[in-house]
Amino acid sequence: AVTSICWDPPTETVLIGTRGSEIYEISATDGADLHGGPLMQGHCEHKLCGLAVHPSKNQVCTVGDDRTVRVWDGATKQLLKMTRLDAPTRAVAYSPDGMSIAIGLGGGEGVGPRSKKEGAFAILNEDDLTVIFEGRDTKKWISAIRFSPDSNTLAIASTDSYIYLYNVEDFTSKGKCRGPSGPVTHFD
């Protein structure tokens, strides 16, 4: 949805701002998109919650309550690729080899009705952001997610105060840890 418009008569251009945090520049004479897409864009609903740096490329992955996963070029600050998931996302991590991205689903309070995938996690192919695996062992949102440095274990912290451990080869459970009395918000 268009939320703002600014016309510049001397240059015969129109800037259009959208609810989706995009800005387009179009020709006022023929309506042509002057840049072949948005000038800028970003997450657009509630919070941007997760950020991960690619281990070998100058790229950053972000996730948020708008249910999108976005990969950005670190040098140009341009969006390289994006996908939309069917739940808010709060945590993200690249595998040590950079071939996959782990995403923690769920949104906590303030992001609308509870998602059917609250507490699930997804593994995405880094090349095209397709989902290659989904799992779920909790119904509380995921607050942090990390791969072990040797790439053998995926650890997922939930707001249920557990850290769930998975074998990366087939994502079978290795167990779960409980220690803190409250939600785990970060770990290394």
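Me: F121 and Y166, buried or exposed?
Reply: F121 is buried, and Y166 is buried too. Buried here means under 20% relative accessible area, exposed means over 50%, and partly exposed is in between (1.4 Å probe, protein chains only). This is a predicted model, where local features need pLDDT of at least 70 and side-chain atom pairs count only at pLDDT 80 or more, while totals for chains, interfaces and linings use all residues. Residues are numbered from 1 along each chain as its sequence is written, and side-chain values use heavy atoms, with hydrogens and water left out.

Me: How many aromatic pairs does the whole structure have?
Reply: A search of the whole structure gives 5. Rings of Phe, Tyr and Trp (its six-membered ring) pair if their centres lie within 6.5 Å; planes under 30 degrees apart count as stacked, over 60 as edge-to-face, and the rest as tilted.

Me: Why is the F121 and Y166 pair called tilted?
Reply: Because their planes are at 45°, with the ring centres 4.8 Å apart. F121 is in strand β10 and Y166 in strand β14 (residues 162-167), 45 residues apart, so the pair links distant parts of the chain. Strands (E, at least two residues) and helices (H or I, at least four) are DSSP runs, numbered from the N terminus.

Me: Which residues are in the ring cluster?
Reply: F121, F133, Y166 and F171, linked by ring pairs.

Me: And Y162 with Y164, what's the geometry?
Reply: Their ring centres are 6.0 Å apart and the planes are at 45°, so that pair is tilted. Y162 counts as partly exposed at 22% relative accessibility, whereas Y164 counts as buried at 6%.

Me: What sits over the ring of Y162?
Reply: The charged end of R178, 5.2 Å from the ring centre. The criterion is NZ of Lys or CZ of Arg within 6 Å of the ring centre and within 35 degrees of the ring normal. R90 has its charged end over the ring of W141, 4.9 Å from the centre.

Me: Switching to the largest nonpolar core: which residues touch the most other members?
Reply: C61, V69, V92, I101, I103 and L124, out of 16 residues. Such a core is a set of buried Ala, Val, Leu, Ile, Met, Phe, Trp, Tyr and Cys residues joined through side-chain atoms within 4.5 Å.

Me: Where is C61?
Reply: C61 is in strand β5 (residues 59-64), and its relative accessible area is 0%, so C61 is buried. Beyond four places in sequence, its contacts (heavy atoms within 4.5 Å) include V69, V92 and I101.
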